[in-house]
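Subject: Handover of a structural model

Dear colleague,

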Amino acid sequence: MTADLLQTIVAAAKKAADERARARRGVTAVLAADRAPRGALFEEMLRRPGLNVIAECKRRSPSRGILCRDYDPAAIAISYARAGAAAISVLTEPTFFDGSLDHLRAVRNAVELPVLRKDFIVTESQITEAVAAGADAVLLIVGALDDRQLATLFATASVLGLAVLVEVHDANELSRAIDAGASIIGVNSRNLRTLEVSLAVFDALASSLPPGAIAVAESGLRTRADLDRLKSLRYDAFLVGERFMITPDPGAALASLIGGEA
């Protein structure tokens, strides 16, 4: 494991994206998309009253290894939809998470909920891929991008109709996200460089979240009490993955969490 895992993953993501871009004709991927992104629906679902969970499909994580050996993202997404998820997140990064754009396509075809492509996006070609695969939203990680890259990728995604979840981990990154015009801000309690989790990050940044923006709490969420407490701090939605994926029935785990498991 490298000292800076985020840098390693970003380098791998860029290499893979460049290789895919050379194998096709750029923007034709967008033109081939079966449907337009529903970025507005993604935002609408996260603004609903109550506990809005973005439930995640992922087979593996760098911190825990294989989470689900019999991985069927479409079936998992269906179970999430039935359990009351607000949206579905799909890991598409192949090297560290065993993800694939085919997983995103399968989920898109299986459910009507809005779908987030969760990946380490560093090139515009990855955004056009997301549109072609049926994504309604993409993730941009502030810590993986400089200000110019962040602005360019944010603008590209927005023009194409995608919602953009802009992820931060500290006050400086939050300031950069706000300057970039982010309207959906994810606060990740996991430091992607070291994989350490500190729930104190949620409290530290809560008062600086801009009025009107959708605030999403990410990582380290285990119980209904966690969600209720963060809801009181003005977080609108919660992105949960490992908590569900390590169970035999991810949909049942989501239903239990929303329903009030302690």
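The notes below cover the overall fold, the cavity, several helices and a few individual residues.

This is a predicted model, in which local features need pLDDT of at least 70 and side-chain atom pairs count only at pLDDT 80 or more, while totals for chains, interfaces and linings use all residues. Residues are numbered from 1 along each chain as its sequence is written, and side-chain values use heavy atoms, with hydrogens and water left out.

Overall fold

The secondary structure of the chain consists of 13 helices and 10 strands; these are DSSP runs numbered from the N terminus, helices being H or I with at least four residues and strands E with at least two. Of the 262 residues, 54% count as buried (buried means under 20% relative accessible area, exposed over 50% and partly exposed in between, with a 1.4 Å probe and protein chains only). Among contacts between residues at least 6 apart in sequence, 67% join residues at least 24 apart, a contact being heavy atoms within 4.5 Å.

The largest nonpolar core has 90 residues; such a core is a set of buried Ala, Val, Leu, Ile, Met, Phe, Trp, Tyr and Cys residues joined through side-chain atoms within 4.5 Å. Tyr80, Ile88 and Tyr235 have the most contacts inside this core. Not counting residues up to four places away in sequence, Tyr235 touches Val187, Phe202, Leu205, Ala206, Leu209, Ala215, Val216, Ala217 and Leu230.

The cavity

Rolling a probe the size of a water molecule over the atoms shows where empty space is left. Here, a search of the whole structure finds one cavity of 30 Å³ or more. A cavity is a set of points, on a 1 Å grid over the protein atoms alone, where a 1.4 Å probe fits but cannot get out, and its lining residues have an atom within 4 Å of a point. The volume of the largest cavity is about 400 Å³, taken as the space filled by probe spheres set on the points, with grid points joined across faces, edges and corners.

The lining of the largest cavity comprises 30 residues, and Glu56, Lys58, Lys118, Arg190 and Ser219 lie nearest its centre. By class, the lining has 14 nonpolar, six polar and 10 charged residues (Ala, Val, Leu, Ile, Met, Phe, Trp, Tyr, Cys and Pro count as nonpolar, Asp, Glu, Lys and Arg as charged, and the others, Gly among them, as polar). Helix 1 (5-22), strand 6 (137-141), strand 10 (237-240) and helix 12 (242-245) each supply at least two lining residues. Helix 1 gives the most, with three.

In helix 11 (residues 224-232), Asp226, Leu227 and Leu230 are buried. They cover an arc of only 95° around the axis, which puts them on the same side of helix 11; the arc is that of the directions from the helix axis to the C-beta atoms. Ala225 and Ser232 are exposed on the other side of helix 11. The cover over the buried residues of helix 11 includes strand 1 (52-57), helix 10 (200-206), strand 9 (214-218), strand 10 and helix 13 (250-259). Arg234, which follows helix 11, has a positive phi near 85°.

Helix 13 has Pro250, Gly251, Ala253, Leu254 and Leu257 as buried residues. These fall within an arc of 160° seen down the axis, so they line one face of helix 13. They pack against strand 1, helix 4 (73-83), helix 11 and helix 12.

The buried residues of helix 4 are covered by elements including strand 1, strand 4 (87-91), helix 6 (101-110), helix 12 and helix 13. Just after helix 4, Gly84 takes a positive phi of about 105°.

Individual residues

Leu51, in the loop between helix 3 (39-46) and strand 1, is buried with a relative accessible area of 14%. Its C-alpha atom is separated by 7.8 Å from that of Lys231, 180 residues apart along the chain.

Ala177 belongs to helix 9 (residues 171-179) and counts as buried at 0% relative accessibility. Arg176 also lies in helix 9 and counts as buried at 18%. Leaving aside neighbours within four places in sequence, Arg176 is in contact with Val142, Leu145, Asp146, Asp147 and Leu150.

Yours sincerely

Key. On a 1 Å grid over the protein atoms alone, a cavity is a set of points where a 1.4 Å probe fits but cannot get out, and a pocket is an open set with protein on both sides within 12 Å along at least five of seven lines; lining residues have an atom within 4 Å of a point.
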